[in-house]
Amino acid sequence: TWLAGRSAYASTAIPATSATTGPPVPDVRRRDWTAEQYFADESTSRSDLALFEIKGAATYNAIKLGDIEHEHTDAMELGTFAHMAVLEPERWREHAATIRDRLVIKEEHHGKGARKAEQEWRAGLPAGSIVCTEKQREDRLANVRTACAMARTMATRNTPCARQARKIIERSAKEVTFTWTDDDAELAAGPMPMRCRDDLLFMDEDGPIIVDYKTDRDPEPGAFARHCAKLLYPWQAAVYGEPLIELYDIEIRFGYIMQRSAPPYEIGVRWLDINDIRAAREQVRAAKRALSACIASGDWSSPWEHETDQTLDLPRWGNGAR
């Protein structure tokens, strides 16, 4: 196949048979959704489950209620730009061309009536305007330039990984959205509507292959593996595989195209081991049940809030120890 010689899977036996993943997932549908439609949907995604696991129930609920603003960093924006530039170049060219014109430096209004003056000023801006400071404008334009450079490198770099990455991108369906229902009887709140959006999906002769494009400050495989584990990236393989296994009754393969988000924009391709995918499925199953229990009970408190009369265990530096 066009992925022949992939290092991580060359020595891993992948059964071309039914994969045992847990309860059935009915109502699998492939959706022709835009990114805006996908993120507006209220079903549960891998990102939701990872947020719940990493931040905890209390913080997760506060974010969902809008009490805490969802984190949005400059690095996240660069990742979004690079993702579009590499995977959707035509859409990116149109988007990038409009960004500069949409960025509007915030006017300063002072004294009596300042709030009303600002509201009137904002109301008079063209649709789609992005109000920002001078620094924010420069940071965003820098991200546009970097995303363009990353896309150029993806198109021209002549290493084995870069060539393989281009083959994957060229031959895959992009931004493939699925919705389905998790019918696990142990979900306390009942069936859980789910969704996923695969960056790249290719139907190989021996089963589905999903590949995710990631930007990273350090895509060296060892560093990226640690980043993957910390941010629960393998849960993507577990969740994204659910609808495909239901449709095709065969094990999936899951990999990453990694690209450094700064010069020289190196490119790597790596594959998850099947045992790590199966371990991720168990972790996802536990997270779904924990999230469902919170939904059913309405109790989003942190576990330590229920521990009373506990002695505070100070670290050694805090109790005078030398």
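A polar contact of 3.1 Å joins the side chains of Asp 212 and Lys 214. Keep in mind that this is a predicted model.

**Exercise 1.** Work out where Asp 212 sits, whether Asp 212 is buried or exposed, and which residues Asp 212 touches.

*Solution.* 
- Step 1: look up the element. Asp 212 belongs to strand S6.
- Step 2: check the accessibility. Buried means under 20% relative accessible area. Asp 212 comes in at 3%, so it counts as buried.
- Step 3: zoom out to the strand. Nine of the 10 residues of S6 are buried, so S6 is mostly covered.
- Step 4: list the contacts, skipping residues up to four places away in sequence. Asp 212 then touches Asp 199, Gln 236, Tyr 240, Phe 254, Gly 255, Tyr 256 and Ile 257.

**Exercise 2.** Write down the strand order of the open sheet, then say which helices lie across S5.

*Solution.* 
- Step 1: read off the order. The six strands go S1-S4-S5-S6-S7-S8, and the pairing is mixed.
- Step 2: find the edges. Strand S1 (29-31) and strand S8 (267-271) are the edge strands, each pairing on one side only.
- Step 3: Helix H11 (residues 234-248) lies across strand S4 (173-182), S5, S6 and strand S7 (253-260), at about 85 degrees to S5. Helix H12 (residues 274-297) lies across S4, S5 and S7, at about 160 degrees to S5.

**Exercise 3.** Decide why H5 counts as largely enclosed, and compare its span with the expected one.

*Solution.* 
- Step 1: check the span. Helix H5 (residues 74-87) has 14 residues and reaches 20 Å from first C-alpha to last, close to the 20 Å expected at 1.5 Å a residue.
- Step 2: count the burial. With 10 of its 14 residues buried, H5 is largely enclosed by the rest of the structure. Among the buried ones are Leu 78, Phe 81, Met 84 and Val 86.

**Exercise 4.** Classify two of the aromatic pairs: Tyr 38 with Phe 39, and Tyr 60 with Trp 300.

*Solution.* 
- Step 1: get the total. The structure holds nine aromatic pairs.
- Step 2: take Tyr 38 and Phe 39. Their rings are 5.2 Å apart centre to centre with 80 degrees between the planes, an edge-to-face pair. Tyr 38 is buried at 6% relative accessibility, whereas Phe 39 is exposed at 61%.
- Step 3: take Tyr 60 and Trp 300. The centres are 5.9 Å apart and the planes are at 25 degrees, so this pair is stacked.
- Step 4: Tyr 60 lies in helix H4 (residues 57-65) and Trp 300 in the segment after H12, so the pair ties together parts 240 residues apart in sequence.

Note on methods:
Residues are numbered from 1 along each chain as its sequence is written. This is a predicted model: local features need pLDDT of at least 70, side-chain atom pairs count only at pLDDT 80 or more; totals for chains, interfaces and linings use all residues. Side-chain values use heavy atoms; hydrogens and water are left out. Two strands pair if DSSP finds at least two bridges between them. Helices (H or I, at least four residues) and strands (E, at least two) are DSSP runs, numbered from the N terminus. Contact means heavy atoms within 4.5 Å. Axes are lines fitted to C-alpha atoms, for helices over the stretch in contact, and angles run from 0 to 180 degrees between N-to-C directions. The expected span of a helix is 1.5 Å times one less than its number of residues. Buried means under 20% relative accessible area, exposed over 50%, partly exposed in between (1.4 Å probe, protein chains only). A polar contact is a pair of N or O atoms within 3.5 Å; within protein, one must be able to donate a hydrogen and the other to accept it, and residues adjacent in sequence count only if both atoms are side-chain atoms. Rings of Phe, Tyr and Trp (its six-membered ring) pair if their centres lie within 6.5 Å; planes under 30 degrees apart count as stacked, over 60 as edge-to-face and the rest as tilted.
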